[in-house]
Amino acid sequence: MSISENAPAVHEIVPVIHPSVVDAVDADVHRICTRYAARLQFHGWHHVSFVRSKAARFAVLNGAEVSVVETAALVHDVNYLVRRNSSAATGRRLRLAILSRAGVAPHVAGWIDRIVVEAEMATRGRDISLEAQALSDADTLFKSLPVTPVVLAHRYLEENGIGLRELAEKICGEQQDKQDEGYYFYNPEAAAMYTRWATANLQLWQCIKESLDDADVEELLDAVNAHAVVAS
Ligand SMILES: [Fe+2]
């Protein structure tokens with residue numbers, strides 16, 4: 001037998017987190033999302049599973065550690081269960097508890113928590129780790145989908161107890177500078193595929209913000225909301 005027959009295949013990469021452990025995190029987060037679905041109208045399982053799937057793809061593209069990125073995606077938004085309208089760091093204790101229950105080693109769990117915080121839209125910078133880039137691109141893509149403002153924006157308002165003006169100011173305030181400075185998406189393929197959607201989405205929210213300064217639009221929304229209260 002030659003030496004080359006005994007050598008491990010070059011392409012055989014051992015994941016940092018065993019697939020059975022990723023599955024355990026998946027099952028736990030799915031259970032939590034199902035149990036608290038009424039409180040996670042925007043950041044529920046539909047969001048988590050979309051971000052996990054896209055983040056894994058972006059991780060393959062940019063060479064990040066895929067099992068760590070997938071697991072980070074599964075636990076990235078648990079802060080919304082701890083407190084409405086909160087930052088990623090608010091979910092640290094719950095995030096680490098979920099990872100510990102599934103058998104993720106403490107130093108890997110700490111790494112995942114740092115990735116989640118690094119990838120947060122409000123504070124992310126140009127130079128973040130490859131793992132945070134993959135997670136960020138997936139989460140940012142969800143925000144940029146043309147369907148998100150149509151079918152999910154009202155759910156964000158309800159989940160987080162904020163008004164339309166506050167959401168429009170949050171989106172424009174947190175996202176416009178990333179687009180202007182060229183790191184809205186980190187992965188060039190993601191940027192090529194989705195920048196048009198992101199641009200349209202940011203323009204829509206800028207227009208929403210402007211429209212709210214029109215007294216007649218304000219009156220219109222008051223009337224709509226009054227009707228919604230009576231109907232419910
Ligand atoms: Fe998210």
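Read from one end of the sequence to the other, this protein goes α-α-α-α-α-α-α-α-α-α-α-α-α. In plain counts, that makes 13 helices and zero strands. One thing to keep in mind as you look around: this is a predicted model.

Now for the overall picture. The C-alpha trace spans about 80 × 40 × 25 Å along its principal axes. The protein has 232 residues, and 33% of them count as buried. As for how the chain meets itself, take the contacts with a separation of 6 or more: 66% of those are between residues 24 or more positions apart.

Let's zoom in on one pair of helices, helix 2 and helix 6. Helix 2 covers residues 19–35 and helix 6 covers residues 92–102. Their axes come within 8 Å and cross at roughly 130°. An angle over 145 degrees would count as roughly antiparallel, and 65 to 115 as roughly perpendicular; helix 2 and helix 6 are therefore oblique to each other. The crossing of helix 2 past helix 6 is right-handed.

Which residues of helix 2 and helix 6 make the contact? Here they are, helix by helix:

| Helix | Residues in the contact |
|---|---|
| Helix 2 | Val21, Ala24, Val25, Asp28 and Val29 |
| Helix 6 | Ile98, Leu99, Arg101 and Ala102 |

Sorted by class, this contact between helix 2 and helix 6 has seven nonpolar residues, two charged ones and no polar ones. To spot it in the structure, look for Val25 on helix 2 and Leu99 on helix 6, both among the residues that make the contact.

Notes: Residues numbered from 1 in each chain as written. Predicted model: local features only at pLDDT ≥ 70, side-chain atom pairs only at ≥ 80, totals over all residues. Helix = DSSP H or I, 4+ residues; strand = E, 2+ residues; numbered from the N terminus. Buried ≥ 20, exposed ≤ 12 C-beta atoms within 10 Å, placed from the backbone. Contact = placed C-beta atoms within 7 Å. Axes fitted to C-alpha atoms, helices over the stretch in contact; angles between N-to-C directions. Parallel < 35°, antiparallel > 145°, perpendicular 65-115°, else oblique. Left-handed = near helix turned anticlockwise from the far one by under 90°. Nonpolar A, V, L, I, M, F, W, Y, C, P; charged D, E, K, R; others polar.
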